[in-house]
Amino acid sequence: MENCKKYEILGIGAPIIDHIIRVDEAYVRSLEGGKGGMVLIDYETMNGILCNFHGKSALTIGGSAANTIKG
């Protein structure tokens, strides 16, 4: 194991891309689920949300491992 690289931090998880969109409270209340929670959605629902905010989303790394390391 001499050739193994040593890491100070190693995160293993699913790579996910987060779409960050600024919305008002009324929009948040219109969505299924509660503020601060998480609801799994299908592709069509996600695509519909992104189309409504075309060009207004910021992409960032996501997933529990990536978010933990970033934090």
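## Exercises on a predicted model

K6 sits in the segment before β1 (16-20), where strands (E, at least two residues) and helices (H or I, at least four) are DSSP runs numbered from the N terminus. This is a predicted model, in which local features need pLDDT of at least 70, side-chain atom pairs count only at pLDDT 80 or more, and totals for chains, interfaces and linings use all residues. Residues are numbered from 1 along each chain as its sequence is written, and side-chain values use heavy atoms, with hydrogens and water left out.

**Exercise 1.** Decide whether K6 is buried or exposed.

*Solution.* Start with the cut-offs: buried means under 20% relative accessible area, exposed over 50%, and partly exposed in between (1.4 Å probe, protein chains only). Next, take the value for K6, which is 81%. K6 is therefore exposed. Across the protein, buried residues make up 6% of the 71 residues.

**Exercise 2.** Find how far K6 lies from I49 in sequence and in space.

*Solution.* Along the sequence, 43 residues separate K6 and I49. In space, their C-alpha atoms are 42 Å apart.

**Exercise 3.** Work out the order of the helices and strands, and why the protein is more spread out than a compact globule.

*Solution.* Count first: there are three helices and two strands. Then read along the sequence to get β-α-α-β-α. The radius of gyration is 17 Å, well over the 11 Å from the globule rule for 71 residues, so the protein is more spread out than a compact globule. Here the radius is taken over C-alpha atoms, and the rule is 2.2 Å times the number of residues to the power 0.38. Finally, look at the box filled by the C-alpha atoms: roughly 55 × 25 × 20 Å along the principal axes.
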